[in-house]
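User: I would like to learn how to read a structure that is new to me. Could you take me through it feature by feature?

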Amino acid sequence: MAYQRSQVLEALQDLLDVFKQAAGSKDQDTNTLNQEELKQLIQSQLPFLITAKFEGCFDDFFKCMECEKGSNVDFREFMCLLATIVMCQ
Ligand SMILES: [Ca+2]
């Protein structure tokens, strides 16, 4: 059964594409972002996050994911990070 393309599906596919590209840029694991890949993705796609205003967002994110700052980030966690950022705006 073919799904009809929608704005949400298009957006999710775009996010997945960006994630996969970044996740495979520094190591062979295309399922997670290591810290260097995450940093590079933020610098290229979300540079406004590199301000003091958003420092708390990262703390909220890692607290919400119950993982330590510095651990790898999978796509689900990446989506949670994006949701956290939107809520911080
Ligand atoms: Ca990776």
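**Reading a helix and its core**

Analyst: Leu38 is found in helix 2, where helices (H or I, at least four residues) and strands (E, at least two) are DSSP runs numbered from the N terminus. This is a predicted model, in which local features need pLDDT of at least 70 and side-chain atom pairs count only at pLDDT 80 or more, while totals for chains, interfaces and linings use all residues. Residues are numbered from 1 along each chain as its sequence is written.

User: How many helices and strands are there in the protein, and how do the elements run from the N terminus on?

Analyst: The protein has four helices and two strands, and from the N terminus on their order is α-β-α-α-β-α.

User: Why does Leu38 count as buried?

Analyst: A residue is buried if 20 or more other C-beta atoms, placed from the backbone, lie within 10 Å of its own, exposed if 12 or fewer, and partly exposed in between. Leu38 counts as buried because it has 21 C-beta neighbours inside 10 Å. Buried residues make up 13% of the 89 residues in the protein.

User: Which residues of helix 2 are buried, and which are exposed on the other side?

Analyst: The general idea is that an α-helix has 3.6 residues a turn, so residues three or four places apart point the same way. In helix 2, the buried residues are Glu37, Leu38 and Leu41. They lie on the same side of helix 2 because they cover an arc of only 100° around the axis, the arc being that of the directions from the helix axis to the C-beta atoms. Glu36 and Gln43 are exposed on the other side of helix 2.

User: What is Leu38 in contact with, leaving aside its neighbours within four places in sequence?

Analyst: Two residues are in contact if their C-beta atoms lie within 7 Å. With neighbours within four places in sequence left aside, Leu38 is in contact with Leu33 and Val73. The C-alpha atoms of Leu38 and Ala23, which are 15 residues apart along the chain, are separated by 7.9 Å.

User: Which residues make up the largest nonpolar core?

Analyst: A nonpolar core is a set of buried Ala, Val, Leu, Ile, Met, Phe, Trp, Tyr and Cys residues joined through C-beta atoms within 7 Å. The largest one here has 10 residues, namely Phe19, Ala22, Ala23, Leu33, Leu38, Leu41, Phe61, Val73, Phe78 and Leu81. At least two residues of this core come from each of helix 1 (7-23), helix 2 (35-45) and helix 4 (75-88), and helix 1 gives the largest share, three residues.
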